[in-house]
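I opened the model today to look up a few places in it. These are my notes, in the order I made them.

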Amino acid sequence: MFQGGSTFQKAVLDAVGQALFVLEVGDDGLPRYALMNRKGRSLTGFSPGEYEGKTALELFGGAVGEHAFALHKRVLEARVTQTYEVTLPYVQRTIYLNTTLEPIFNDAGILTHLVGTSNDVTSERELDMALELTKIAKEKAEEANQAKERFLANMSHEIRTPMNGILGISELLNETELDDQQALFSNTIYKSATALLKIINDVLDFSKIQADKISLQDQAFSLRDQVEDVGALLWSRADNKGIDLRTEYPETIPDTFIGDAHKIRQIILNLLGNAIKFTERGHIALGVSYRRDACLPLRISVSDTGPGIGDDQQNIIFSAFEQVDSTATRRVEGTGLGLAITKALVERMGGKITVASTLGQGSTFSIDLNLQIARDTKVLSRPPQAPLTSFRNKKTIQSASRTDALSTQPIQMMNGLRIIVADDNKTNQLLVEKILAPTGANLRFANNGQQVVEAYKSSRCDLILMDLSMPKLGGIEATHVIRAFEKKADWPACTIIALTANAQPSDVEACLAAGMNDFLTKPFRKKELLTLIKSSCSVLIEHGYD
């Protein structure tokens, strides 16, 4: 008999580093605890007098005891070694044991004992559970991000659609004969809608940054052109406030770099726009320098003579929704997202942004980047300028030349161009009609994707302006059907331009993948639409239509 075991046996078992226990099968066929080594007693908390001669059900009781007793009986019946997991719940923590139970037979082949070894796998189980919880939390976070993206995309679409009507119609209204008061009202509508669009774009940009959806499209571009374009674009805003806007791009600095020109332009626009917004008098300078021995050699800086930023504020201005003047009586409106977006874009490019400021004297924001210099790459550049240029006189000349160029373009240059406008929104149809009717284009309208397919099959056209979100058949699906029909009927491909409030990069990719030729996001300007149509249908416009 093994009952209790000898002192030597107990000493040997206590020396074993893992929990070990022996169950003796009684005359009634029930396995009862006969021995536990020191490790086993430590895990279960039982002394020899408490466990000896008791079944697992009697010792542990409850669900734990029932489960352990059932496992012991299963090994007795199977008469083979089995491994299983046991859970021991305690007040402060739960212990998980990986247990192997082996049947022991005497010389007569009678099963007399069960010998078990248990390893404490609590740490592993807790790690597994932590990883599982982390996985679940990550999945939930991803689901939340996706839901947020869908919400923002839907809200963007729903807001952009009516704004397209507001901006477009007010722009057309400004081209009509108005008295002073009517012109004031019309301009106010247009400017307010433009400001709202800026807020929407800021929120969307920030949501993309939070979701790590910002990608960089690196290619050769002229930084000098970007600097001059932004300066010219914002000159009138500075001039209206009596501020002298200057640019400094020395001839010794490389002109062409490899990088994302659109993001660089957005960064410069944000910084220069902020400087104009907060500066009431003096000047603003947009400068570029290049330090070949620095880790981040390219520096773009914007200096102003504005109110300056206190030391206690300089650490928070790059946070989202923060402004230097955050009081209810602040004089400058805005979302407080511009610098947060700028910082995120700069860091995405591997650069850094810093600010140096003195209250009452002004601020200088500096962007340091390590953009590769483009060599042996032909990029259109403008003629050299003096290192320091004021946009006061230059802008007047540019504005006049652009007006002259537009006025010399024949309004009937699209005469006879067959266009189908697919949009379920009557306001958008009206806007496109008012923009294109004076060009002499032949317009037809479709209220859904099915109608545009039927209209195209019944009578060919030269151009389709395709909305994406339409009833019955969406723009993507309609394009697939049209392209398949053209291939089957051996028709030349019609130019299809997406004209939609869906503004996500994935929407552009989906449109091009479906077979569309170009993409224009609502709200659009009259000039943008006309320019895109002319470039997309340039061959037809130049040589005539079938």
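**Confidence first**

I then looked up the chain average, a pLDDT of 82, with 86% of the residues scoring at least 70. Over residues 326-334 the pLDDT is below 50, and I noted 11 contacts there beyond near neighbours in sequence.

This is a predicted model, in which local features need pLDDT of at least 70 and side-chain atom pairs count only at pLDDT 80 or more, while totals for chains, interfaces and linings use all residues. Residues are numbered from 1 along each chain as its sequence is written, and side-chain values use heavy atoms, with hydrogens and water left out.

**Asp467**

I found Asp467 under the UniProt annotation "modified residue: 4-aspartylphosphate", from an unreviewed entry; such annotations may be inferred rather than shown by experiment. Where does Asp467 lie? I located Asp467 in the loop between β17 (463-466) and α14 (475-489); helices (H or I, at least four residues) and strands (E, at least two) are DSSP runs, numbered from the N terminus. Is Asp467 buried or exposed? Asp467 has a relative accessible area of 3%, so I wrote down buried (under 20%; exposed is over 50%, partly exposed in between, with a 1.4 Å probe and protein chains only). Leaving aside neighbours within four places in sequence, the contacts of Asp467 include Asp423, Asp424, Thr500 and Lys522.

**Val203**

I placed Val203 in helix α7 (residues 180-210). Val203 is partly exposed, with a relative accessible area of 34%.

Definitions and conventions
Contact means heavy atoms within 4.5 Å. pLDDT is the predictor's confidence in each residue, from 0 to 100.
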